[in-house]
Amino acid sequence: MDYGSPPSAIFRIDMQRFLERAERAAQLANRYPAAREPLKFFAGVSLFQDSRGDADQLCALILRIGPPAMRDAARHPEDNAWIQRVLGEMDPPQSAATHSNRACPKCGSPPQLGVLRPCGDGSALYLACSLCRHEWTYPRTECPHCGRNEEDILQFAQTEDYPHIQTLTCEECQRYMHIIDLGKDSQAIPEADEISAQPLDIWAIEGGYIKIYPNLIGL
Ligand SMILES: [Zn+2]
Ligand SMILES: [Zn+2]
């Protein structure tokens, strides 16, 4: 038996998913004051999803604690992509119309972030879906957006403030994505920790890179 092979996909218990990330976001809001407001908003949205609220309740939440730039969205919820995405996360589609390993094999959506999970003596890279949060294995030497794997095309940046987060950038397609290392922080909830990494987003954007897929706070 090979104890070093990672499972090809990771499923989390759906019932706990939104509650877990709300609790983690609240903890991170204390640790990272620079990202406190987006983390608190993300925690509020996650609790709304945990309670399985409807569009009217989501609009009321935006007007109460959302960033000012989102207030218009709350007035036209039916054709707002962000509101439909938040509601869609609660009931993601179960069929994928894709054969690319750079899209979610369960629902076909693009990856939001990378997750390094301890495996044997090292770790295995998974991509986490931006909609249903399903995770699938992906080669560490390939760009998760354009698929190129030439030497030196991928760069990995890190700062002292975020020892468990790397920012992958691709010189070929100029895209970037954060990777959460669960070997360095086993308590991390990838989608919540990614929101806390706002300064890394600003660093990447100022460097001319575009996020592969924006997170729920639009970065
Ligand atoms: Zn998916
Ligand atoms: Zn690329």
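Let's start with contacts, where two residues count as in contact if their C-beta atoms, placed from the backbone, lie within 7 Å. Among contacts in this protein between residues at least 6 apart in sequence, 53% join residues at least 24 apart. Please keep in mind that this is a predicted model, where local features need pLDDT of at least 70, side-chain atom pairs count only at pLDDT 80 or more, and totals for chains, interfaces and linings use all residues. Residues are numbered from 1 along each chain as its sequence is written, while chains are lettered from A and ligands numbered from 1 in the order in which they are written.

Now the overall picture. The protein has seven helices and eight strands; these are DSSP runs, with helices being H or I of at least four residues and strands E of at least two, numbered from the N terminus. Its radius of gyration is 17 Å, close to the 17 Å from the globule rule for 219 residues, so the protein is as compact as a globular protein of that length. That radius is taken over C-alpha atoms, and the rule is 2.2 Å times the number of residues to the power 0.38. Along the principal axes, the C-alpha trace spans about 50 × 35 × 30 Å.

How much of the protein is buried? Buried residues make up 36% of the 219. Buried here means that 20 or more other C-beta atoms lie within 10 Å of a residue's own, exposed means 12 or fewer, and partly exposed is in between, with C-beta atoms placed from the backbone.

Next, the domains, whose bounds come from an automatic or database domain assignment. We get domain 1 (14–90) and domain 2 (108–211), and their C-alpha centres lie 22 Å apart. Where they meet, 14 residues of domain 1 are in contact with 10 residues of domain 2. Helix H1 (14–31), helix H2 (36–50) and helix H5 (81–90) each give two or more residues to the domain 1 side, and H1 has the largest share, six residues.

Let's look at H2. This helix has 15 residues and reaches 21 Å from its first C-alpha to its last, close to the 21 Å expected at 1.5 Å a residue; the expected span is 1.5 Å times one less than the number of residues. Its buried residues include Leu-39, Phe-41, Phe-42 and Phe-48.

Which residues touch the most other members of the largest nonpolar core? They are Ala-25, Leu-39, Phe-42, Ile-179 and Ile-195, in a core of 47 residues. By nonpolar core I mean a set of buried Ala, Val, Leu, Ile, Met, Phe, Trp, Tyr and Cys residues joined through C-beta atoms within 7 Å. H2 gives the most to this core, with six residues, and at least three residues come from each of domain 1 and domain 2. Take Phe-42: leaving aside neighbours within four places in sequence, Phe-42 is in contact with Ala-25, Ala-192, Ile-195, Leu-216 and Ile-217.

Finally, two arginines to find on your screen. Most residues other than glycine have a negative phi. Just after H2, however, Arg-52 takes a positive phi of about 55°, in the loop between H2 and helix H3 (55–65). Arg-133 has a positive phi of about 70°, and lies in the loop between strand E3 (122–129) and strand E4 (135–137). Are these residues buried or exposed? Arg-52 is exposed, with 11 other C-beta atoms within 10 Å, whereas Arg-133 is buried, with 24.
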